[in-house]
Amino acid sequence: MLIRPRRNRKSAAIREMVEETTLTTKDFIFPLFLLEGKNKKVAVDSMPGIYRFTVDLMLKEIEECLQLGVKAFDVFPVVEEKHKDKMASKSADENFFYIKALKEIKSKFPEACIMTDVAMDPYSTDGHDGIVDENGNILNDETLDVLADMALVQAETGIDIIGPSDMMDGRVEFIREVLDENGFENTSIMSYCAKYASAFYGPFRDALDSAPKSGDKKTYQMNPANKYEALIEAELDAQEGADFLMVKPALAYLDVIHLLKENNELPIAAYNVSGEYSLVKAAAEKGWLDGEAAMMESLLSIKRAGADVILSYFAKEAAQVLRK
């Protein structure tokens, strides 16, 4: 045989030399769950190794991650039921613990990239990403004002990236215009442009207690059967002023990540969601697979598919492996 591909696999040095995809800590955004109060660290039972932190302990967690080379964080608020109402009013309250914590985090670590979440569900008694009318319909246009108010208050804390995760039509342009009108032209928007109505979000909803109280999210999140619809969403969000385009979930949608990468100039992000994380962790705890190897292979596959940015609960653990 004249052609023997195995010659390029015969040693670690050669394999590394011809390696097509390289994973680094620069690729990661680490999602974090913020609790109200002080000195509290509460495990998320359905996500082994993941915790909810009050801001004092979250600062320590961020510091540890920065030392490992993870420089970007997506902070989600755990909102107690007493703070929730139908219009998610606490989401735009500058005195709310989430907003105060964002200021503190950015002040302590100005070098870190801090991303926030824009959607009504953590703050809403309905548990939906938009306003729910008396018939159970999600009101798109009326929700945009709430999302824009929320985004503006978050931008005022000095954070770097706004993450609209709600999937309302037109929200990127609406938020972009409000941010620009108020002097926040440099605040980025990472659009959840292809967010699917997935079964892989369960552990995340446990962490935030944000599951819908009735119905589901299929009228606004995308049908898992559809791939090319993601191109429509991506084109719209790019035209409306998005700086990044995100696919969520990641592992079950590698084809969508690849499709967006091949058809867009903007950076592509992928969210390696809670269910994807917990599947690996649960199987590893049972001894059914090598958890570390499966983690690294999963993350590598997401990058190989075309993701420039990976949001993952594995970020800290993977950084420790990469450091070794």
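Predicted model: local features only at pLDDT ≥ 70, side-chain atom pairs only at ≥ 80, totals over all residues.
Strand β1 comprises residues 28–35, and eight of its eight residues are buried. In a regular strand the side chains alternate between the two faces of the sheet. In β1 both faces are covered. One side carries Phe 28, Phe 30, Leu 32 and Leu 34, and the other carries Ile 29, Pro 31, Phe 33 and Leu 35, all of them buried.

Strand β4 (residues 72–77) is joined to β1 by five bridges in the parallel sense. Strand β3 (residues 51–54) also runs parallel to β1, with three bridges between them. Strand β12 (residues 309–312) is parallel to β1 as well and is connected to β1 by two bridges. Individual residues show how these pairings are arranged. Leu 34 has a bridge partner in β4, namely Pro 77, and a bridge partner in β3, namely Phe 53. Phe 28 stands opposite Ile 310 of β12.

Helix α5 spans residues 171–181, and its buried residues are Arg 171, Val 172, Ile 175, Arg 176, Val 178 and Leu 179. Viewed down the axis of α5, these buried residues fall within an arc of 165 degrees, so they line one face of the helix. The elements against which the buried residues of α5 pack are strands β5 (113–118), β8 (161–164) and β9 (188–195) and helices α4 (140–155) and α7 (229–239).

Just after α5, Gly 183 adopts a positive phi of about 85 degrees. Thr 187 belongs to the loop that connects α5 and β9. Thr 187 has a relative accessible area of 6% and is therefore buried, the limit being under 20%. When neighbours within four places in sequence are left aside, the contacts of Thr 187 are Ala 155, Ile 159, Asp 160, Ile 162, Arg 176, Leu 179 and Asp 243. Arg 176 and Leu 179 in this list are also among the buried residues of α5.

An unreviewed UniProt entry carries the annotation "active site" for Lys 195 and Lys 248. The two residues are spread over 54 residues of sequence but cluster in space, with a largest C-alpha distance of 4.8 Å. The lining of the largest cavity includes both Lys 195 and Lys 248.

Lys 195 is located in strand β9 and is buried, with a relative accessible area of 6%. Not counting residues up to four places away in sequence, Lys 195 touches Asp 129, Ser 165, Met 167, Tyr 201, Gln 221, Met 222 and Lys 248. A polar atom of the Lys 195 side chain lies 2.8 Å from the backbone oxygen of Ser 165.

Lys 248 is part of strand β10 (residues 244–248), and its relative accessibility of 6% likewise places Lys 248 among buried residues. With neighbours within four places in sequence left aside, Lys 248 contacts Tyr 192, Ala 194, Lys 195, Tyr 196, Tyr 201, Tyr 271 and Val 273. The peptide bond leading from Lys 248 to Pro 249 is cis, with omega near -5 degrees. Pro 249 lies in the loop between β10 and α8 (254–263).

The feature "binding site" is placed by UniProt, in an unreviewed entry, at Glu 233. Glu 233 is located in helix α7 and is buried, with a relative accessible area of 14%. Leaving aside neighbours within four places in sequence, Glu 233 is in contact with Met 167, Cys 193 and Met 222.

Asn 39 has phi near 55 degrees and is found in the loop between β1 and β2 (41–43). Ala 88 also has phi near 55 degrees, and its place is in the loop between β4 and α3 (97–108). The surroundings of these two residues can be described by their accessibility. Asn 39 is exposed, with a relative accessible area of 60%, whereas Ala 88 is buried at 1% relative accessibility.

Key
Residues numbered from 1 in each chain as written. Heavy atoms only, no water. Buried < 20%, exposed > 50% of the residue type's maximum accessible area, 1.4 Å probe, protein only. Helix = DSSP H or I, 4+ residues; strand = E, 2+ residues; numbered from the N terminus. Arc of directions from axis to C-beta. Contact = heavy atoms within 4.5 Å. Pairing = 2+ DSSP bridges. UniProt positions renumbered as here; feature names shortened; annotations may be inferred. 1 Å grid on protein atoms, 1.4 Å probe; cavity = no way out; pocket = protein on both sides within 12 Å on 5 of 7 lines; lining within 4 Å. Polar contact = N/O pair within 3.5 Å; in protein donor to acceptor, adjacent residues only side chain to side chain.
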